[in-house]
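Before reading on, take a moment to look over the chain as a whole and then return to the text. The paragraphs below are meant as a guided walk for someone who has not seen this structure before.

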Amino acid sequence: MPASDHRPASLIPGGAVFPHRHLTGIEGLEPHEIAFLLDEAENWIAANRERGVPDKRLAGLTQINAFFENSTRTLLSFEIAGKRLGADVVNMHAAQSSVKKGETLIDTAMTLNAMRADVIVIRHMSSGAVRLIADKVDCPVLNAGDGRHEHPTQALLDALTIRRRRGTIHNQRVVICGDVLHSRVARSNILALTALAAEVRVCAPSTLMPPAIERMGVTPFTDFDAALDGADVVMMLRLQTERMSGGYVPSSREYHLRYGLTLERLARAKPDALVMHPGPMNRGVEIDSNVADHAERSAITEQVEMGVAVRMACLDVLTRRARRVEGWA
């Protein structure tokens, strides 16, 4: 069983250790607040693996997963997280919603609020949409990915994976390679990892590198081989062709030749370097199968496991005030 969330009020007066009502992004979180969420998630890893007496601390609460953008992994992960905590989980898909009939985002927010949900998880194709809805509802909101803005729980699960596998995040050299320009995962990871004192390198073709990205505290590379030198962690990103309106790369084959992670290219990183990918993967484009499935080096399936634990922690923490947990109410 995970440790109790009823901690001494002297340690967390008024929930001061995590004072935020929503989780709309990593931006704005202090390093100790990020670390706190990772520590809370650690409690759920063992509980999920042992599958002992279930902890239904969210029993009686309603969780709405409002996904205005297609998702399989993230939606399933949030659904499992909520159900393991005992919440009544309702999934709302955009294709089944009035948004398709012309309803505005404000109207949708007001409708969700009128349903008296206790926590809402939102995924949307437009940057800033989650923040807009969060400002209009009375319950906590979790961002499950909004446009090119952020995907905070993905960054948290990635940070947790790195911390568990590498022992620390501090001073780890992390290389993020791929379609950085369109990636909310890259943005959230940069914010989280730099806050936790990792050395972050980003690598992409010049057409897929955000301008002035070095302002985020990272070192940009267009040469993948050079970026990999001495890397502790290699995080690959897929080409988000659904967000591209022009020719960002000559071809998938050419992209693989320059930016695909092969075993030969991975040899430039440290011998025990960790390989990660947020999924879904394009095998043979950004990563080879023998790398993605490498028994010792790949942490891709572990990332999926960490995702459930992180989302359980976030749902738990954000609903503590409503549940009047000691030290949080």
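What follows goes from the domains to the boundary between them, then to salt bridges and to a few single residues.

The model is a predicted one, and the domain assignment of the chain divides it into domain 1, which takes in residues 19-150 together with 306-323, and domain 2, which covers 152-299. Taken over C-alpha atoms, the centres of domain 1 and domain 2 are separated by 26 Å. Where the two meet, 33 residues of domain 1 are in contact with 25 residues of domain 2.

The size of an interface is often given as the accessible area lost when the parts come together. For domain 1 and domain 2 the buried area is about 2500 Å², and carbon and sulfur atoms give 62% of that area. On the side of domain 1, the residues that lose the most area to domain 2 are Ile-26, Leu-38 and Arg-148, which together account for 26% of what that side buries.

Polar and charged pairs also cross this boundary. Between domain 1 and domain 2 the count is 5 salt bridges, and 8 residue pairs, both members at pLDDT 80 or more, are found in polar contact across the interface. The elements that give two or more residues to the side of domain 1 touching domain 2 are the helices α1 (31-50), α2 (73-84) and α11 (300-318) and the strands β3 (119-124) and β4 (141-146). The largest share of that side, 10 residues, comes from α1. By residue class, the side of domain 1 that touches domain 2 divides into 14 nonpolar, 8 polar and 11 charged residues.

Side chains of opposite charge can pair when their charged atoms come close.

Another salt bridge joins Arg-163 and Asp-39, with 3.0 Å between the closest N and O atoms. Asp-135 forms a salt bridge with Arg-131, and here the closest N and O atoms are 2.9 Å apart. Asp-135 counts as exposed, because its relative accessibility is 53%, while Arg-131, at 36% relative accessibility, counts as partly exposed.

The salt bridge between Asp-232 and Lys-270 has its closest N and O atoms 2.9 Å apart. Asp-232 sits in the loop between α7 (224-227) and β8 (233-236), and Lys-270 in the loop between α9 (263-266) and β9 (274-276), so that this pair, 38 residues apart, links distant parts of the chain. Is Asp-232 buried or exposed? At 3% relative accessibility, Asp-232 counts as buried, whereas Lys-270, with a relative accessible area of 34%, is partly exposed. Salt bridges that share partners also join Glu-40, Asp-55, Arg-57, Asp-316, Arg-320 and Arg-323 into one network.

Ser-298 is placed in the loop between α10 and α11, and Ser-298 counts as buried because its relative accessibility is 12%, which is under 20%. A polar atom of the Ser-298 side chain lies 2.7 Å from the backbone oxygen of Ala-292, and the side chain of Ser-298 also reaches the backbone nitrogen of Ile-300 at 3.4 Å. Not counting residues up to four places away in sequence, Ser-298 touches Arg-165, Val-275, Val-291 and Ala-292.

Ser-289 lies in helix α10, which spans residues 289-292, and with a relative accessible area of 34% Ser-289 is partly exposed. Pro-220 lies in strand β7, made of residues 219-221, and is partly exposed with a relative accessible area of 37%. Leaving aside neighbours within four places in sequence, Pro-220 is in contact with Val-202, Met-209, Ile-213 and Glu-214.

Key
Residues numbered from 1 in each chain as written. Predicted model: local features only at pLDDT ≥ 70, side-chain atom pairs only at ≥ 80, totals over all residues. Heavy atoms only, no water. Domains from an automatic or database assignment. Contact = heavy atoms within 4.5 Å. Buried area = accessible area lost by both parts, 1.4 Å probe. Salt bridge = Lys/Arg side-chain N within 4 Å of Asp/Glu carboxyl O. Polar contact = N/O pair within 3.5 Å; in protein donor to acceptor, adjacent residues only side chain to side chain. Helix = DSSP H or I, 4+ residues; strand = E, 2+ residues; numbered from the N terminus. Nonpolar A, V, L, I, M, F, W, Y, C, P; charged D, E, K, R; others polar. Buried < 20%, exposed > 50% of the residue type's maximum accessible area, 1.4 Å probe, protein only.
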